[in-house]
Amino acid sequence: MVETQLLPRGISDRKTLEAFRNVPREFFVTDAYRDAAYEDRPLPLLCGQTISQPYMVAIMTQVLKLPEDKKALVLEIGTGSGYQAAILAYMGHSVVSVERLPELVEFARNNLENLDFCGDVKIFQGDGSSGWPECAPYDAILVTAAAPDIPAPLIEQLKQGGRLTIPCGGKDMQTLKTLTKTDNGQLEIKEELLCRFVPLIGKHAFPEGD
Ligand code: SAM
């Protein structure tokens, strides 16, 4: 996966690559997809949701430019399988992850349970489009579901100097955007690539049943 999918596409961050070499992706897929765990595509989970393609997880991790020598507090919206949270935890960061669907909260908690480096991952059930103000502010925020725009509460909960990455656009196609809140509070937005995610459903995203 690292040699054929990540390095050739420009993933070069040392700690990101190390995490991909060591976090067992097969722990995070359903039994039916165990043999396909390392394939170059998203895979179905429960409740119509997906575990993202390895490259998408890697690029979203890399663009956050997390410190190598310091523990960052990272908010993830859309826990899904728990794989992205495990990658961040392996890199030595504290993770607060919010998932809307109770079935996936339980699935992710079970997946993370037996990995000793995941002690610093907290999973909460709720609408992550409002962020998770109880643990804010965050050094970095990563949204792993598609929103029409960047939810304002997430920008508020990001520290100065922090980065946020999120797929923005319609339900069929999005652009992965990275927002940086500069040290003087300015917002800089960079467009990374086109992508396709399941929708972020909530108060500051797509309405339910739309
Ligand atoms: N990061 C996940 C992983 O590593 O497996 C993949 C996430 S999956 C592509 C998107 C997830 O976002 C789904 O599990 C979905 O239920 C969740 N989601 C959608 N709307 C949400 C919301 N408002 N708050 C929290 N989670 C949400």
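Author: Begin with the naming of elements: strands are DSSP runs of E with at least two residues, and they are numbered from the N terminus. V121, for instance, lies in strand β5. Keep in mind throughout that this is a predicted model.

Reader: Is V121 buried or exposed?

Author: Buried means under 20% relative accessible area. V121 has 14% relative accessibility, so V121 counts as buried. F124 is also placed in strand β5, but F124 has 24% and therefore counts as partly exposed.

Reader: Which pairs should I look at next?

Author: Take A205 and A147: they are 58 residues apart in sequence, and their C-alpha atoms are 5.2 Å apart. A205 lies in the segment after β9 (187–195) and, at 14% relative accessibility, counts as buried. Another pair is D40 and Q53, 13 residues apart along the chain, with C-alpha atoms separated by 6.0 Å. D40 belongs to the loop between α2 (14–22) and β1 (43–44), and its relative accessible area of 34% makes D40 partly exposed.

Reader: How many residues of helix α3 are buried?

Author: Apply the cut-off of under 20% residue by residue. Helix α3, residues 54–62, is mostly covered, with nine of its nine residues buried. Among them are P54, Y55, M56 and V57.

Reader: Now the backbone. What is there to look for in phi and omega?

Author: Most residues other than glycine have a negative phi, and most peptide bonds are trans. The exceptions are what you look for.

Reader: Which residue has a positive phi of about 55 degrees although it is not a glycine?

Author: That is C47. C47 lies in the loop between β1 and β2 and is partly exposed, with a relative accessible area of 40%. K65 is another non-glycine residue with a positive phi, about 50 degrees. K65 is found in the loop between α3 and β3. Exposed means over 50%; K65 has 60% relative accessibility, so K65 counts as exposed.

Reader: Which peptide bond is cis?

Author: The bond from A136 to P137 is cis, with omega near 5 degrees. P137 sits in the loop between β5 (121–125) and β6 (138–143).

Reader: How do I read a polar contact between side chains?

Author: Look for a pair of N or O atoms within 3.5 Å; within protein, one must be able to donate a hydrogen and the other to accept it. Here the side chains of T178 and E192 are joined by a polar contact of 2.6 Å. T178 lies in strand β8, residues 174–181, and is buried, with a relative accessible area of 5%.

Reader: What lies 2.9 Å from a nitrogen atom of the ligand?

Author: A polar side-chain atom of E76. On the oxygen side, an N or O atom in the side chain of S81 is 2.6 Å from an oxygen atom of the ligand. Q84 takes part through its backbone, where an N or O atom lies 3.0 Å from a ligand oxygen atom.

Reader: How much of the ligand does the protein bury?

Author: Compare the area that the ligand exposes alone with the part that the protein buries. Alone, the ligand exposes 600 Å², and the protein buries 99% of that.

Reader: In which pocket does the ligand sit?

Author: The ligand sits in the largest pocket.

Technical notes: Residues numbered from 1 in each chain as written. Predicted model: local features only at pLDDT ≥ 70, side-chain atom pairs only at ≥ 80, totals over all residues. Heavy atoms only, no water. Areas by Shrake-Rupley, 256 points an atom, 1.4 Å probe, with all protein chains shown as cover. 1 Å grid on protein atoms, 1.4 Å probe; cavity = no way out; pocket = protein on both sides within 12 Å on 5 of 7 lines; lining within 4 Å. Sits in = over half its atoms within 2 Å of the grid points. Helix = DSSP H or I, 4+ residues; strand = E, 2+ residues; numbered from the N terminus. Buried < 20%, exposed > 50% of the residue type's maximum accessible area, 1.4 Å probe, protein only.
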